[in-house]
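Some points on this entry follow, for comparison with the coordinates.

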Amino acid sequence: MNRTLLFEANMTSFFMKKLSLLLLMLAVALVPIRAARFAASFGNPGRIKSGYFAYPPIQPRQIDYKVIDNSTSPGNSRFKNEIGEDNAHYGVMLGSGYVFSLLDIHVSEGKGYTEVTLIVESFREAGIEVYPLEVASTIDNYIRVNSDYIQSFEGDALREFEGIMYHESTHVWQWTGNGQAPQSLLNGIADYVRLKAGFPSVNWGERGSGDSWDQGYEVTAYFLEYCGGLKGGFVAQLNAMMKDSYSDNFFDSLLGKSVDQLWSDYKLAYGNSPIASPAMPPVPGN
Ligand SMILES: [Zn+2]
């Protein structure tokens, strides 16, 4: 399937959701009786659970999304040619919108940013030259994507770019336990969002791989997906608990098992148990 079409299909769905949101807000504002009925059906209209709408229905203020393309050197043409500023703008908007939805974040209770800025630039030209190439970095509400990475990416650059937007947008909005949460978990949650959005990287390992739950990135993302299978909304609840502090015990509080026990269960479920003779046969075919 043409990836550009796929991306545009997502955008159509995005605008349809925005349209439903607008109509809902108009209905709530203009027809108090209907608003009361709506509240009776769904609870407080300001706290409708995501899943009914992909976006939190009421956002007290709009967020501005900006794109700055500094990838203008002749050796960095793929961003301009295969992604471009319009798709980048949609991508950064979709990224935040999906994070709000999946992690059940309400802007009024979040970090208070009123804009998110995406800067595309050559990290090499900026003096950051590391191998393997750094994909992106996010500080506060500024996302920087390395155009050197886009340039050297083998495959569909637009699809990879959109996946990066989901990951980096998570960093913009997620809680960090006031700096106490391990970076590996923060990256695991960011890749979980990317996974659930349907844009895993082609470079990822398989489900069930990895040596520990906090190895980060897709290893942790797949583990969080498993935890989410035990309790719906688990990752959103974990993120909410991480607003002021962090403890591994949060897993226990939410799921009734220690994170180490959950990791053992997860490995067992994928037939890659650290136990020599598992009491139960592993699930085949994974
Ligand atoms: Zn990250």
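How many helices and strands does the chain have?

1. The model is a predicted one. Its chain has ten helices and four strands. Read from the N terminus, the elements follow the order α-α-β-α-β-β-β-α-α-α-α-α-α-α.

2. Of the chain's 286 residues, 35% count as buried. Among contacts with a separation of 6 or more, 70% are between residues 24 or more positions apart.

3. Strand β1 covers residues 64–69 and includes Ile68. Ile68 counts as partly exposed because it has 14 C-beta neighbours inside 10 Å, whereas a buried residue needs 20 or more. Apart from neighbours within four places in sequence, Ile68 is in contact with Thr117 and Ile119. Leu118 is 50 residues away from Ile68 along the chain, yet the C-alpha atoms of the two are separated by 6.2 Å.

4. Helix α10 spans residues 259–269, and its buried residues are Val259, Trp263, Tyr266 and Lys267. These residues lie on the same side of α10, because they cover an arc of only 95 degrees around the axis. An α-helix has 3.6 residues a turn, so residues three or four places apart point the same way.

5. What do the buried residues of α10 pack against? Their partners are α7 (217–230) and α9 (249–255).

Conventions
Residues are numbered from 1 along each chain as its sequence is written. This is a predicted model: local features need pLDDT of at least 70, side-chain atom pairs count only at pLDDT 80 or more; totals for chains, interfaces and linings use all residues. Helices (H or I, at least four residues) and strands (E, at least two) are DSSP runs, numbered from the N terminus. A residue is buried if 20 or more other C-beta atoms lie within 10 Å of its own, exposed if 12 or fewer, and partly exposed in between; C-beta atoms are placed from the backbone. Two residues are in contact if their C-beta atoms, placed from the backbone, lie within 7 Å. The arc is that of the directions from the helix axis to the C-beta atoms.
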